[in-house]
Every structure is written in structure tokens, then in C-alpha cells.
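Biologist: I have the sequence and the model open on my screen, and I'd like to go through a few spots with you. Can we start with a side chain and work outwards?

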Amino acid sequence: MNVNLKPIEIVYTGNISYGRWKTLAQVAEFLAVINSDYTKAILNIYSQNTINTEIDRAININKASYFRGSVSYNEVKKILNKADIVLHVESFENKYANATRLSFSTKIIDCMESGSCIMAIGPENLSSISYLKNNNCALVATDAQEINQLILTVIESPNVITQKAAALYEFAKKNHDIKTIQNMLDNDFKSLLN
């Protein structure tokens, strides 16, 4: 592999509470392993959460992962637009997974609007993870054991990034574009009146 290639930029923007930081730490640890000879991918984490020493050590790993702190919403949009992969994570710990099971993060919509590839990591029974997996519009790991393989797939076949980004674009255009939805509703109302 060509060591002069630009590393893949993976970006996480959002809340690191509810055990999400532990999932981010697992991603960071594996990036540190695969970046041992040269940097293949970097994880940049942006969050308004404050971090303690334990979290800092877990997610700030030189040449693998960096906690960048808080940025404005407008800056988040720019960061997501420039990223190769935007990351959505949930915790695999039962107490946190149960607390977030039915929530659907607005960050997913921000990720969809970015035009970047989404990588989603978390239990399959969480609504946000199952939504992305069932609609085949993201790279998804639903088991902690799958994370490393998912990252390796991206490193070894970077074309999967553009393929999933294109699939996400088509899905978002069909299901989340306001004009498309308005046209569908308009057509439905017209058919009801006929």
C-alpha cells in the first residue's frame, strides 16, 4: 500500500456520555494498532462534553485519535462535510443501550446532510443503528467484535466509502428531502380527492 496516501479522516461530533466514549475508545485503540507502521486513518472527536482523565487517556491516542473539544454548530457542518467518514456510535453496555434504545439522534440527519459516508457502531436493537442497517445506507457494526473488521474493510477497500456515501445520498434524497416528501404528500392528497 502507498504510504503517501492521505489518511482516512473519521469524524465523530456529538455526545460522548451514555458510554459512547467507550465505543470511541475501542475504535481509537484499533486505529492505534493499524497505524503502527504509518497513519492509515485518524479519528477526530468533537463534543461539548467535558472529559476526565480516564476518558482523555482512552480517546486521545497519538497518531490515532484526538479529542478536539467543542465547536459551533456551523463549524460542525463544515467538519462533517469534509470528513471521509462520519461516525455514529452507541454503547454496548446494557444500561446505556436500554436508555438510548428508542432515541433517534438528530446527528444522524446532520450526518446524512454532509454527503459523507456514515459508519454506525452499536447494538442492533437500538433504533438509530437498526434504521441505518436496515436501509443499507451506512457501514454498520452491531457487535463490539465487528468493529475491527469494519475498520479493516475501509482501510483495505477505500472505495467502499464512496459507494456507501452514494447509497446514503440516494436514500436521504428519497426519504428525507423535504421537496420529495412534499411532492409525495401532494400526490397522495390528489389521489384521495379523485
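Biologist: Which side chain does the side chain of Lys40 join in a polar contact?
Modeller: The side chain of Lys40 is joined to that of Asp37 by a polar contact of 2.5 Å, where a polar contact is a pair of N or O atoms within 3.5 Å, one of which, within protein, must be able to donate a hydrogen and the other to accept it, and residues adjacent in sequence count only if both atoms are side-chain atoms. Please keep in mind that this is a predicted model, in which local features need pLDDT of at least 70 and side-chain atom pairs count only at pLDDT 80 or more, while totals for chains, interfaces and linings use all residues. Residues are numbered from 1 along each chain as its sequence is written, and side-chain values use heavy atoms, with hydrogens and water left out.

Biologist: Is Lys40 buried or exposed?
Modeller: Lys40 counts as buried because its relative accessibility is 15%; buried means under 20% relative accessible area, exposed means over 50%, and partly exposed lies in between, with a 1.4 Å probe and protein chains only.

Biologist: Where does Lys40 sit, and what does it touch?
Modeller: Lys40 lies in the loop between H1 and strand S2, which covers 41-46; helices (H or I, at least four residues) and strands (E, at least two) are DSSP runs, numbered from the N terminus. Not counting residues up to four places away in sequence, Lys40 touches Pro7, Ile8, Ile34, Asn35 and Ile155, with contact meaning heavy atoms within 4.5 Å.

Biologist: How do H1 and H7 pack?
Modeller: Helix H1 (residues 20-34) and helix H7 (residues 147-156) pack at an angle of about 50°, and their axes are 10 Å apart. The axes are lines fitted to C-alpha atoms, for helices over the stretch in contact, and angles run from 0 to 180 degrees between N-to-C directions. H1 and H7 are therefore oblique to each other, given that angles under 35 degrees count as roughly parallel, over 145 as roughly antiparallel, 65 to 115 as roughly perpendicular and the rest as oblique.

Biologist: And which residues of H1 and H7 meet?
Modeller: From H1 there are Thr23, Gln26, Val27, Phe30, Leu31 and Ile34, and they meet Ile147, Asn148, Ile151, Leu152 and Ile155 in H7. By class, this contact of H1 with H7 has 8 nonpolar, 3 polar and no charged residues, where Ala, Val, Leu, Ile, Met, Phe, Trp, Tyr, Cys and Pro count as nonpolar, Asp, Glu, Lys and Arg as charged, and the others, Gly among them, as polar.

Biologist: Moving on to strand S2, what about Asn44?
Modeller: Asn44 is part of strand S2, and at 6% relative accessibility Asn44 counts as buried. The side chain of Asn44 makes a polar contact of 2.8 Å with that of Arg68. Leaving aside neighbours within four places in sequence, Asn44 is in contact with Glu9, Ile10, Val11, Tyr12, Tyr66 and Arg68.

Biologist: What does Ile42 touch?
Modeller: Ile42, found in strand S2 as well, counts as buried at 14% relative accessibility. Among the residues that Ile42 touches, not counting those up to four places away in sequence, are Pro7, Leu31, Lys63 and Tyr66. Ile42 and Tyr66 are 24 residues apart in sequence, with their C-alpha atoms 8.0 Å apart in space.

Biologist: You mentioned Lys63, so what is its phi?
Modeller: Phi of Lys63 is near 65°, a positive value in a residue other than glycine, and Lys63 lies in the loop between helix H2 (53-59) and strand S3 (65-69). For background, most residues other than glycine have a negative phi. Asn136 also has a positive phi, of about 50°, although it is not a glycine.

Biologist: Where is Asn136?
Modeller: Asn136 is in the loop between helix H6 (127-134) and strand S6 (139-141), and it is exposed, with a relative accessible area of 51%. In H6 itself, Ser128, Ile129, Ser130 and Leu132 are buried.

Biologist: Last one, how many helices and strands are there overall?
Modeller: The protein has 9 helices and 6 strands, and of its 194 residues, 45% count as buried.
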